[in-house]
Each structure stands twice: as C-alpha cells, then as structure tokens.
Amino acid sequence: MLLEPSRQFNPKAPQEALEFIEFVNKSPSPFHATHEAAKLLKEAGFVEIKERDNWNGKIKNNGKYYFTRNGSSIVAFVVGGKYVPGNGFSIVGAHTDSPCLKVKPLSKKEKSGYLEVGVQLYGGGIWHTWFDRDLSVAGRVMVEQDGKYRHTLVKIDRELNKTDSSESIEAELSHHSLLVRVLAEEMGVEASQIRDFELAVYDTQPSAIGGVCNEFIFSPRLDNLEMSYCSVRALLQSKDVDNDPNMRIAVLFDNEEIGSLTAHGADSNLLPATLQRLAATELMGGQNVSPTAFEEAMHKSILVSADMAHAIHPNYAEKHESNHRPQMHKGTVIKRYATTAVTSLVLKELAKKHTIPIQEFVVRNDSPCGSTIGPMLSAKLGLRTVDVGNPQLSMHSIREVGGTDDVKHGIDLLQVFYEEFAELEARIIVD
C-alpha cells in the first residue's frame, strides 16, 4: 500500500488508468500497439497518409494526419490553424517496444519427448521474472494472398490445440507444425499461406488495478506503452488548434530497447525525414515555402522525449540520490539526459500555471543507468529536448508497477505542452 492520507479506501480507479489498461491489454507487441494507436487516431478523425506519396496539396491547416512505418512505428500530427512552413514543431516522442523474448527464425526444437520453441532475448529484461508465467505469442505474420504478401496481426490467447495434416508447409521447415497451424487458425488462413513472422512472447495475465486504495497498476510493458498512450491521448485531447502557429506531433518509435538503430527506430531518418517533408510541404491554398524553412523550424521547436522513470522503492531507497527520489502519484518526472535549463523551464512553467504535479530525477553518481531516445534525436536534429517519464517500479520485469494517478498526470502535462508551447517559446530568449 502507498501511504497517502488523503486517499480514500477502495475508491473507483481513475478513468484514464482504466482506459490505459484496455490499451496495453490489446498491445502485446509493438505491431499491436501501433495498430491500437492508429485506431484511436482514426476514431478521432485523423486521416491516414503514406510516406511513399506526395504530400503537397494534401495537408491543410487544422488538418489531422498519421502514417505508420513497418507497422511498428507511427507518426501523428495536427496542423495548427496559423501554421505556415518555417514555424515550429511541438513534438512528443515515445517508443512501442519493451524487453521480451522473441521466437527465433529457426525455432523448432525437441528434447526428451517435449516440443520446444527456441526464443531469443530482446532488450535488457529482468529474465528470471519470466519463469513460471503463462506465456503465449503475438506479433505479425506475412501472409500470401492473391499473389500479394500482407502484414497480418496475430495474438494467441488460448490453449494451443493439436492439428493433424499431411500437407507440406514451407514455414514448418523452420517451426513446429503446431505453432504454424495455430497461427493460421487464429488468422483464418491456410498454413501454406504463411511465409514468415515476427512473434514476441508475452504474459497472458491481463493488466489490472490493485492496492488497498486502487492506487497501483500491475501490468507488463508499462515501459513504454504508458508514455506512448499518454502521448497519443494528449494529442487527441489538445484544444485551440485554430490559434496554434505550430504543428503538433506525436511519434512512437520501435526498437528503443535495442539501441534504436533500425529503419523504424529513433536513430533512423523517421523523425528527421518527416520534419523535413512537413517543413517543405506546400499547404492547401498556402504560400510558397522558403528554402530554409526546415532550419528555421528547428530553432522554434522542442522535443519532449517521453519514457518511463524509476520510482523510489521502499526496500531499496539507498539506490536513489537523496534529493531525487520520484514517487508514484506525485507527477511526471523530468529527467536529465538531453534536458537543459531552457527545456525544463518549458514544462515547469506550464505545470505551475495549470497546477500539474511534476518531479525531477538524476541517477546516483555511482549507479549505471540506461538512456532513451532524447539524446540521439537532440544531437541528430539540433533540437532542444526535455526528457520526461511517469514513475514506476520493477522496470523491465515481466510484471511492472505504476501509479493509477500518473496516467492522468502524464496526459495533462503533454496536453498543455501541445496547447501552449508556441506562445511560451516566443517569450524565451536564448541564442
């Protein structure tokens, strides 16, 4: 139980936490998380565009758009009513992947009469927490249909039933026939249509609200689906687009947990290419674009790198620096990776104005700590950056712990950032 005198006994959990749990339960892989984010955007009236298309004449002021890359990363943006090329970008970045086990390309194994599926480590998980859990698989399958190969989502959340067949199936050269056929059954296709797949192992136990006062979220993949969800929800809820001179952007990358060096990771050209295209895009009925619009925009923009933070643990309080001990329910945490006095001021001023709680964190001098997407994007783009994240326990465990209040804290902070950054930035004088 988390000690908070003002907290009621057994209250109703915050709606934001309940909706986040629904999102994470539907997102056992980055492909599913991207799909669920796209669903939220579509329901809010966002229009899907493609990277392979020409955007000139398709984008307009007050328009809402999104696109995906690899089915595991997604970029969504809202064009301010007063935006013109050369104006700034209000950006929030997060990531869709989490440490897990992944099915190997050649997974077929057999030992002492047992059929086994070979898996490999993905990211820096706390692997002993994966023992004695009810595990299944989810991800994407490339399915051949009518001479085309389609990215198809699959999630196995039931007992696997044996299927007998004498048909020769290509995928069964590398994987057990039971695995291949249950995938086919789940997707409603023939096993012979399966050409390849990327499957993550996941815990079938759903996320849940717990604690005496319903104060905790017990869930896999809080790092970083919680900040991914907060980023998208904040963009959807942000208001006063008509008067915004900026473009509001949410970008969810894949592969952060393994260094981001992929075509759809944060160290790729995904964000740089997107910003360059947007800065150079002629809006419907708009003016001609300056050849230096992108460079102008970078100096009016900021990136909020949103990745979860380490809350203080009562049994290991000495692991935190004495003045920097984030607590659950006390607000989103400003972290010091690419953060500067200028960029932290932006969120501090907005939080103070709207009475949104925030905290600050640096790691102990003698403790190792991973990084996140903020520093690489800040260096790549020359982009001012502030690193933030909601506090949690047991990061990279198969079952993590967060605070129910912090989902709303994260959404509220990012929402006011989208709504008011442009006005505040005009009052910051730094060359």
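Please bear in mind throughout that the model is predicted.

I begin with the helices. Helix H1, residues 15-25, packs against helix H4, residues 222-237, at an angle of about 115°. Their axes lie 10 Å apart, and the crossing is right-handed. On the H1 side, the contact is made by Glu16, Glu19, Phe20, Phe23 and Val24. These meet Leu222, Leu225, Glu226, Tyr229 and Arg233 in H4. By class, six of the residues in this contact are nonpolar and four are charged, with no polar residue.

I turn now to the aromatic rings. The model contains 10 aromatic pairs. One of them joins Trp55 and Phe77 in a tilted arrangement, with 6.3 Å from centre to centre and 35° between the planes. Which parts of the chain does this pair link? Trp55 lies in the loop between strand E1 (47-48) and strand E2 (64-69), whereas Phe77 belongs to strand E3, residues 73-79. The two residues are 22 residues apart, and the pair thus links distant parts of the chain.

Are these two residues buried or exposed? Trp55 counts as buried because its relative accessible area is 3%, under the 20% limit. Phe77 is likewise buried, at 0% relative accessibility. Both rings also belong to a cluster in which ring pairs connect Trp55, Tyr65, Phe67 and Phe77.

Elsewhere, Lys102 lies over the face of Tyr122, at 4.1 Å from the ring centre.

Note on methods. Residues are numbered from 1 along each chain as its sequence is written. This is a predicted model: local features need pLDDT of at least 70, side-chain atom pairs count only at pLDDT 80 or more; totals for chains, interfaces and linings use all residues. Side-chain values use heavy atoms; hydrogens and water are left out. Axes are lines fitted to C-alpha atoms, for helices over the stretch in contact, and angles run from 0 to 180 degrees between N-to-C directions. Helices (H or I, at least four residues) and strands (E, at least two) are DSSP runs, numbered from the N terminus. A crossing is left-handed if the near helix is turned anticlockwise from the far one by less than a right angle, and right-handed if clockwise. Contact means heavy atoms within 4.5 Å. Ala, Val, Leu, Ile, Met, Phe, Trp, Tyr, Cys and Pro count as nonpolar, Asp, Glu, Lys and Arg as charged, and the others, Gly among them, as polar. Rings of Phe, Tyr and Trp (its six-membered ring) pair if their centres lie within 6.5 Å; planes under 30 degrees apart count as stacked, over 60 as edge-to-face and the rest as tilted. Buried means under 20% relative accessible area, exposed over 50%, partly exposed in between (1.4 Å probe, protein chains only). A charge sits over a ring if NZ of Lys or CZ of Arg is within 6 Å of the ring centre and within 35 degrees of the ring normal.
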